[in-house]
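Here is a friendly briefing on aromatic rings and inner spaces. Have a look at the structure first, then read on.

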Amino acid sequence: MNYQTIEVKPLAGNIGAEILGADIANLTQESFAEIHQAFLDHMAIIIRDQDLSVKEQASFVERFGPLIHDPFIKAPDGNPELLIIKKEENERYTYGDGWHSDSTFMEKPPVASFLYAKEIPPVGGDTLFSNQYLAYETLSPGLKKMLDGLIAVHSAIGMRDIIAAGKYTEDRSMKLRTDEWDKMEKVIDAMVEHPVVRTHPETGRKALYATRSYLKHFKGWTPEESMPLVNFLFEHSIRPEFTCRIRWEPGSFAMWDNRCALHKPVTDYHGHRRIMHRMMAEGDRPI
Ligand code: SIN
């Protein structure tokens, strides 16, 4: 792709790029179109040195789809679309730890997630990404044939145990939306079906969509039958050659395509503070 308004520097051989020359708060139609193309081509992109208000971040995110409110974590007053991912020096818990695609327990999971770095540890706290087109394409023809048409049941039911175990307590700086308990329960109890191999609505390419975090079992299979295959697919989906690593600085703004990429925050900065502003835009029903 020949970009006219931005420079696009790949971060690794198979996923990720840094975009130079873009100001998210003041984009022309042409540079937005090029950023969108870079996002489709590279799946995870980072743009450094941005100065964004919550409103400016939200306006950019809305160009991709309606804003999603996180169903579990309390948002700051007046900004229900904003999730503040926060880890204090003394906290052990890292939000979103483990490889995943965001919120696959939703019928219309986010097309993309958008993370804006506010406070970053002196070293560590990077985020990893993995290319799920390649994860699919590198499977054997026999396994691809079996997975094409297979449906997975996703659910956030595990949140019930996490909450019951008191893991969201006063000493965790991210708080639950306890004032909206009924709404939260509805989300927790929902069982949502998605294809294990999805077709990206914009690129037309097939990607593996079998992230282990909320996948409970394959439709028509027991959990015991499903899990060995889920575990195999998981290990395969995060092979180092499918991945890249984003190193943050305050003011870095990144976005990733949840339809074809997994991500994982790296938990290697205990004793330091990390604060990120995340928003998500609603996507289509996976097909
Ligand atoms: C997430 O899973 O959305 C969090 C990513 C991060 O904090 O790096």
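## Rings and spaces in a predicted model

Thirteen residues, written 13 in the counts below, line the second largest cavity, and those nearest its centre are Ile68, His69, Asp70, Glu81 and Leu83. This is a predicted model, in which local features need pLDDT of at least 70 and side-chain atom pairs count only at pLDDT 80 or more, while totals for chains, interfaces and linings use all residues. Residues are numbered from 1 along each chain as its sequence is written, and side-chain values use heavy atoms, with hydrogens and water left out.

**Cavities**

- On a 1 Å grid over the protein atoms alone, a cavity is a set of points where a 1.4 Å probe fits but cannot get out, and lining residues have an atom within 4 Å of a point.
- There are three cavities of 30 Å³ or more; a volume is the space filled by probe spheres set on the points, which are joined across faces, edges and corners.
- The second largest cavity has a volume of about 60 Å³, and strand 16 gives the most to its lining, with three residues.
- Strands (E, at least two residues) and helices (H or I, at least four) are DSSP runs, numbered from the N terminus.
- The lining of the second largest cavity has eight nonpolar residues, one polar and four charged.
- In these classes, Ala, Val, Leu, Ile, Met, Phe, Trp, Tyr, Cys and Pro count as nonpolar, Asp, Glu, Lys and Arg as charged, and the others, Gly among them, as polar.
- The largest cavity has a volume of about 110 Å³, and among its 13 lining residues Ile85, Tyr95, Leu115, His263 and Pro265 lie nearest the centre.
- Strand 15 (261-265) and strand 16 (274-282) are the elements that give two or more residues to the lining of the largest cavity.

**Pockets**

- A pocket is an open set of grid points with protein on both sides within 12 Å along at least five of seven lines.
- The largest pocket holds about 630 Å³ of space. Of its 30 lining residues, Gly96, Asp97, Met159, Ile162 and Tyr214 are the closest to its centre.
- Helix 5 (residues 158-164) provides the largest share of the lining of the largest pocket, three residues.
- The second largest pocket holds about 200 Å³, and its lining includes Ile68, His69 and Phe105.

**Aromatic rings**

- Rings of Phe, Tyr and Trp (its six-membered ring) pair if their centres lie within 6.5 Å; planes under 30 degrees apart count as stacked, over 60 as edge-to-face and the rest as tilted.
- This rule gives 13 aromatic pairs. The rings of Phe32 and Phe64 have centres 5.5 Å apart and planes at 65°, so this pair is edge-to-face.
- Phe32 lies in helix 1 (residues 29-42) and Phe64 in the loop between helix 2 (54-61) and strand 4 (67-68), so the pair links parts of the chain 32 residues apart.
- Both Phe32 and Phe64 are buried, a word that stands for under 20% relative accessible area, with exposed over 50% and partly exposed in between (1.4 Å probe, protein chains only).
- Phe72 and Phe105 form a tilted pair, 5.6 Å centre to centre with 50° between the planes; Phe72 is buried, and so is Phe105.

**Charges over rings**

- A charge sits over a ring if NZ of Lys or CZ of Arg is within 6 Å of the ring centre and within 35 degrees of the ring normal.
- Arg63 lies over the face of Phe32, at 4.0 Å from the ring centre.
- The charged end of Arg172 sits over the ring of Tyr93, 3.4 Å from its centre.
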